[in-house]
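Thank you for making time this morning.

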Amino acid sequence: MKKIGFLSFGHWSASPYSQVRSGADALIQSIELAEAVEDLGADGAYFRVHHFAQQLASPFPLLAAIGARTRRIEIGTAVIDMRYENPLYMVEDAGAADLIAGGRLQLGISRGSPEQVIDGWRHFGYAPAEGKTDADMGRRHAEVFLELLKGDGFARPNPRPMFPNPPGLLRLEPHSAGLRDRIWWGSASNATAIWAAKLGVNLQSSTLKEDESGEPFHIQQARQIRVYRKAWADAGHTREPRVSVSRSIFAIMNDRDRLYFGRDESSDQIGVIDNMRAVFGRSYAAEPDVLVEELRKDEAIAEADTLLLTVPNTLGVEYNAHVLESILTHVAPALGWR
């Protein structure tokens, strides 16, 4: 395990027990938590993107703000729903945020997940081409985004421009060199993992996966990672790809931890998501020595190079910093981190 970061869904709620009661709270506390985990020595701050929900949505203002307030950690998403995105505008936003952060963006993108509303992407002005699905549309947006990130000129310049142009066709600006190699695809199946490998993007595998064999979640996810790496090698890419997995892991250090997370041991769950039979990975909550032994048996964690720890962000910055510090101090070193 080379890198450990947190993954926040950025919820807010008016519940009496919520420490995050508004969109402003969610945004400001996300910045504060990123600063805190950098001080703790963690490697990354990642955020989920959901539309039409009381959760974080437009990611680039937040990523830019965190980039300006931190110096070392990776800053990313897991994931941006590409069905909603204008690839050209997204290239400009991503380039600007990456330059502010000094080249630390790690952008996870995907075709998306179940939504709060029916066909929400239609409200953003997008619709699949005739005979295509919304998933096809999301993947097409991703392909355009990746091509534009290369920085090649494609637009014919005005012969009488307002400002002088460089020679040749023009590209979108600001361009951030190297960002193309820091794009990840959020995959829920072996087939889309292979597709991502052929495109030359890194792999994010989450806490659920298409149930393709009936085996435990971590075994299926580990196989997905191996299939991805083989497809990457077969495609002839020259750089080493990165792979992340997400987990809910809580070290029971005190009575408060036990109150929140000290329930009976959980197990994998089976459900249906977007008409797909899916296996959902278990959560881990135990004393540190027990956690170490349990996590050593997780084959997907062993296969990945990056672990993203989901955080209960509505419990506030101080408590979530404690959750992450407990893992970094008492669990992660035994798994090979640092």
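Rings of Phe, Tyr and Trp (its six-membered ring) are taken to pair if their centres lie within 6.5 Å, and planes under 30 degrees apart count as stacked, over 60 as edge-to-face and the rest as tilted. By this rule the count comes to 8 aromatic pairs. Please keep in mind that this is a predicted model, in which local features need pLDDT of at least 70 and side-chain atom pairs count only at pLDDT 80 or more, while totals for chains, interfaces and linings use all residues. Residues are numbered from 1 along each chain as its sequence is written, and side-chain values use heavy atoms, with hydrogens and water left out.

Tryptophan 185 and tryptophan 195 form an edge-to-face pair, 4.7 Å centre to centre with 70° between the planes. Because tryptophan 185 lies in strand β5 and tryptophan 195 in helix α6 (residues 190-199), the pair ties together parts that are 10 residues apart in sequence; helices (H or I, at least four residues) and strands (E, at least two) are DSSP runs, numbered from the N terminus. Tryptophan 185 counts as buried at 2% relative accessibility, where buried means under 20% relative accessible area, exposed over 50% and partly exposed in between, with a 1.4 Å probe and protein chains only.

Tyrosine 228 and tryptophan 232 form a tilted pair, at 6.0 Å centre to centre and 50° between the planes. Both lie in helix α7 (residues 217-235), 4 residues apart, about one turn of the helix. Tyrosine 228 is buried at 0% relative accessibility, and tryptophan 232 is buried at 4%.

Ring pairs also link Phe250, Tyr260, Phe261 and Tyr319 into a cluster. Finally, the largest share of the lining of the largest pocket, 3 residues, comes from β5; on a 1 Å grid over the protein atoms alone, a pocket is an open set of points where a 1.4 Å probe fits, with protein on both sides within 12 Å along at least five of seven lines, and lining residues have an atom within 4 Å of a point.
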